[in-house]
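This briefing covers a predicted model.

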Amino acid sequence: MSRFWSPVVQSLTPYVAGEQPVIDGLVKLNTNENPYGPSPRALAAISEAVNDTLRLYPEPTGLKLREAIAASHDLDPGEVFVGNGSDEVLAHTFQALLKHELPLLFPDITYSFYPTYCGLYGIDFREVLLDEKMQVRIEDYRQPCGAIILPNPNAPTGSALPLAAIEALLQEHPDQVVVIDEAYVDFGGESAIPLVQKYPNLLVVQTFSKSRGLAGLRVGFAVGQRPLIDALERVKDSFNSYPLDRLTQAGAVAAWEDQDWFRKHCDLIVASRERLIAALRELGFEVLPSSANFVFAEHGERGAVELAAELRKRAILVRHFRGERTENFLRITIGTDAECNKLLDALKQILA
Ligand SMILES: Cc1ncc(COP(=O)(O)O)c(C=O)c1O
């Protein structure tokens, strides 16, 4: 606290990101990064962009990237918005589209940045409980609200809703914006982007941080009809006109265009996930079904705090979320098979 703070700063509960320690030989399974990294074509494009044009501001709207994303989905570039990570895209979305008289709805167990944005922008919200199997139940969203945001697949549970459920939600709330946060969709979910032309109330948000291995570059985007995208542009241009620098724009376009690299490494991660789930179950874990690049697992006999601490002693990081319903769970990012094997060996030792 300081007497120099604006009043809103005193009331904030900032998001706590997963740690990024520098430890030799660390097996880092705590922040859902991609173990394979970006396409070599993205790295080459970034290197090539390191030249004297860096003295000039970048194109302010990320036009080439918006064109590439739009072309893949048969959309107009005006229906795509890009930002500095999907966190920034989400922040603008909360401010531009989700503040209404009635509360914003989102699951009680979900991306913990959502309540933080609500605090920052003074948005009233109501958490809708996941069911006893930790799944989102669309019927529970049949209540008066100002807007809805859902990650699909959800985080940190990893569970995905079918597209038909998202469509039902859109039809049940024609006068509210419905945001689908698809940070993990490429690992087995069904994207709602094909519904964008049909539903003026739909905004879909995706990221380059997970399936494209570019968490360090900070690129996210939103897809929706023009009035929604215009709202995001208005907030962006009242905040920071140049969210994507020149290197980022060059790297992101090349990463987007390298579909082979993208698909191949998503498939590798999905195969490793299924192997890890089976092995964790053999060790006595209950693992929720996952359509993401992480699993949410609970051990019948050993507490998650203790397990996370024991793993950390062995230079293996996983994520634990405090909270009544998440207390017993570990969220484990899918690494390479070698990393998953190190995790399993360590767990065998700890549980013996
Ligand atoms: C559900 C969800 N949405 C959005 C993000 C933000 O990702 P980024 O800002 O790296 O694009 C994350 C990051 O972990 C996430 O889990």
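The contact between helix 4 and helix 7 brings His92, Thr93, Gln95, Ala96 and Leu97 of helix 4 against Leu228, Ala231, Leu232, Arg234, Val235 and Lys236 of helix 7. By class, the residues in this contact are six nonpolar, three polar and two charged.

**Geometry of the helix pair**
- The axes of helix 4, which spans residues 85–97, and helix 7, which spans residues 226–236, come within 9 Å and cross at roughly 105°.

**Lys210**
- An unreviewed UniProt entry carries the annotation "modified residue: N6-(pyridoxal phosphate)lysine" at Lys210, and in the model Lys210 sits in the loop between strand 7 (202–207) and strand 8 (220–224).
- Lys210 has 26 C-beta neighbours inside 10 Å and therefore counts as buried, the cut-off being 20 or more.
- Apart from neighbours within four places in sequence, the residues in contact with Lys210 are Asn32, Asn34, Ala183, Tyr184 and Asn293.

**Overall fold**
- The protein's secondary structure consists of eleven helices and twelve strands.
- The radius of gyration is 20 Å, close to the 20 Å given by the globule rule for 352 residues, so the protein is as compact as a globular protein of that length.
- Taken along the principal axes, the C-alpha atoms fill a box of roughly 55 × 50 × 50 Å, and 45% of the 352 residues count as buried.
- Of the contacts between residues at least 6 apart in sequence, 73% join residues at least 24 apart.

Conventions. Residues numbered from 1 in each chain as written. Predicted model: local features only at pLDDT ≥ 70, side-chain atom pairs only at ≥ 80, totals over all residues. Helix = DSSP H or I, 4+ residues; strand = E, 2+ residues; numbered from the N terminus. Rg over C-alpha atoms; globule rule 2.2 N^0.38 Å. Buried ≥ 20, exposed ≤ 12 C-beta atoms within 10 Å, placed from the backbone. Contact = placed C-beta atoms within 7 Å. Axes fitted to C-alpha atoms, helices over the stretch in contact; angles between N-to-C directions. Nonpolar A, V, L, I, M, F, W, Y, C, P; charged D, E, K, R; others polar. UniProt positions renumbered as here; feature names shortened; annotations may be inferred.
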